[in-house]
Amino acid sequence: MAAAALTAAAQDMTWHPVDNLPLLGKAVDDASTTLRYQRLPDSLQNKVKRPDLFYLGKHSAGMALRFATNSPFISVKWHSLFKALMNHQTPTGTRGLDLYTLMPDGSWTFVNSARPDVNSHDSAVRVISNMDPEMREYLLYLPLYDGIDSIFIGTSPESVFSRPMADVPSREKPIIMYGTSLLQGGCANRPGMAHTNILARRLNREVINLGFSGNGQLDLEIADVIAAVPDPGLIVLDCVPNVNVEQIDTLLVPFFEIIRKAHPDVPVLFVEDPHFPHLKFDKEAHRQVYTLNALWKKHFDRLAAKYDNLHYLPADHIIGTDGEATVDGLHFTDLGFTRYANLLEPLIRRIALK
């Protein structure tokens, strides 16, 4: 119905390409990727050991476009690469869009989400209507678990549509976060509720999301990507849910040292695997998580004895203790992401935003 209404009103709308709008959350240069909304460079396609890793790099998790307009309505149309659909995350979270606007006090406020057409790669949605025609700054989040190869923003023909006037979130000293499906955004109900995106809004700082579902396995090629980002403000290593004992023992130190060689003074935060609610019942899962966290801490202690400005976040209270913060015992709901952001925000302010 929404798409039909959009088509009927097409003569009263101007579609704007967004290729020249600022794109937040991308670690590599546009020239290194076939698709603009791609997180890993093309050069890694034949270098990474697992094809899924490069495939996940085509997901646009953590990326957002910035623009300004005084249009009384905003529409979007986009093409999803994979038409992703999962049984534990909403389509709005996997391949929808999420619109925020900048308030006079400098905070970001949710406007509305753009729900995708689950039966098609192509979606067209009127996101918001009937606004006062005043100039506003917007932040449009892209899908967490799908990719995009084209996107257009629709406004009234007489309205102004431009690049943003304010440089927020700040792109100086970006925060780089590396990890798993949890970090990629599984299973936020909409893109803006992934904790990386929550933190970017709260901290007024670009956050680069290098979460790869099931594939946060300390691949040294990803360390090279992190090392190549100029002048980061913080690097977060949050991949314990995807690694095994052998990978921690053999890959953590070389992964870290690639990053440290490139960024000798940048703080690095090591994060443990959360204490998931099902651990109190699944004894094997409990053993695995506590074993991996103990090994992660052991290697951290050795590195911290040699290198400065290393920090550690234990598993306690990452998502609370009431068992209500996951969708499936593992992946976070919006409540889980909010709790995680609440825990990380003061820590990041203390160690990286002094």
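## Burial and the model

A residue counts as buried when its relative accessible area is under 20%. Glutamate 345, at 17% relative accessibility, is therefore buried. The model is predicted.

Glutamate 345 pairs with arginine 202 in a salt bridge. Their closest N and O atoms are 3.1 Å apart. Glutamate 345 sits in helix α9 (residues 334-352) and arginine 202 in helix α5 (residues 195-203), so the bridge ties together parts 143 residues apart in sequence.

The structure holds 14 salt bridges. Another of them joins the side chains of glutamate 137 and arginine 66, at 2.7 Å from N to O. This pair also links distant parts of the chain. Glutamate 137 belongs to strand β8 (residues 136-141) and arginine 66 to strand β3 (residues 64-69), 71 residues apart.

Are these two residues buried or exposed? Glutamate 137 is buried, with a relative accessible area of 8%. Arginine 66 is buried too, at 2% relative accessibility.

## A local pair and a network

Glutamate 284 and arginine 287 meet through their side chains in a salt bridge of 2.6 Å, N to O. Both lie in helix α8 (residues 283-304). They are three residues apart, about one turn of the helix. Glutamate 284 is partly exposed at 40% relative accessibility. Arginine 287 is partly exposed at 45%.

Lys26, Asp30 and Arg36 form one network, joined by salt bridges that share partners.

## The nonpolar cores

The largest nonpolar core has 42 residues. Which of its members touch the most others? They are Ile175, Met177, Leu269, Phe332 and Leu344. Elements that each supply at least two residues of this core include β11 (170-179), α4 (181-184), β13 (234-238) and β14 (268-271). Among the others are β8, α5, α8 and α9. Helix α9 gives the most, with seven residues.

Leucine 344 touches Met177, His195, Leu199, Leu269 and Leu313, leaving aside residues up to four places away in sequence. A second, separate core holds 40 residues. Its members include Ala27, Ile208, Leu295 and Leu303.

Methods: Residues are numbered from 1 along each chain as its sequence is written. This is a predicted model: local features need pLDDT of at least 70, side-chain atom pairs count only at pLDDT 80 or more; totals for chains, interfaces and linings use all residues. Side-chain values use heavy atoms; hydrogens and water are left out. A salt bridge is a side-chain nitrogen of Lys or Arg within 4 Å of a carboxyl oxygen of Asp or Glu. Helices (H or I, at least four residues) and strands (E, at least two) are DSSP runs, numbered from the N terminus. Buried means under 20% relative accessible area, exposed over 50%, partly exposed in between (1.4 Å probe, protein chains only). A nonpolar core is a set of buried Ala, Val, Leu, Ile, Met, Phe, Trp, Tyr and Cys residues joined through side-chain atoms within 4.5 Å. Contact means heavy atoms within 4.5 Å.
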